[in-house]
Amino acid sequence: MIQYWELLKQLEEWKQHLKCAKEMLDIQGQKGNYDYDEYMLGLYNGMEYIISLFETREPNYISGKDIKFINNKTQQKEFIEYMNKTIEELECDDVDDEEIKGYLIQRIDTFKEILAKYKEITGI
């Protein structure tokens, strides 16, 4: 049979673990964390759900419908700018060698296809 003191010790350990988990949830709930991307929002809501179970309360989820995620939009814009700049630089290259010119045209077309597909996938 478990002794009273052992149960008390376990209870104190659980309290410490719960306190640590709540501190982690607080950090995850700060701007720049939960609103970084969909994964980080899901991580916050999952953590909130688990802690609410231990505290026997209803979870307070953060809805993603009004959040403008930091990561996706910034990275998408940077990638599109990079691809446009690369295409522009390649189009400015003036080459006399026909073989190299053909290779350059293929490369430009490939970059344009990649950029078009990326815009299609991201809806930009």
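A: Let's start with α4, which has 25 residues and spans 36 Å from its first C-alpha to its last, close to the 36 Å expected at 1.5 Å a residue. The expected span is 1.5 Å times one less than the number of residues, and helices are DSSP runs (H or I, at least four residues) numbered from the N terminus. This is a predicted model, where local features need pLDDT of at least 70, side-chain atom pairs count only at pLDDT 80 or more, and totals for chains, interfaces and linings use all residues. Residues are numbered from 1 along each chain as its sequence is written, and side-chain values use heavy atoms, leaving out hydrogens and water.

Q: What comes just after α4?

A: There, G123 adopts a positive phi of about 80°.

Q: Where does D96 lie?

A: D96 sits in the loop between α3 and α4. With a relative accessible area of 71%, D96 is exposed.

Q: Which helix gives the largest share of the nonpolar patch?

A: Helix α2 (residues 38–54) does, with four residues. Y49 is found in helix α2 and, at 40% relative accessibility, is partly exposed.

Technical notes: Helices (H or I, at least four residues) and strands (E, at least two) are DSSP runs, numbered from the N terminus. Buried means under 20% relative accessible area, exposed over 50%, partly exposed in between (1.4 Å probe, protein chains only).
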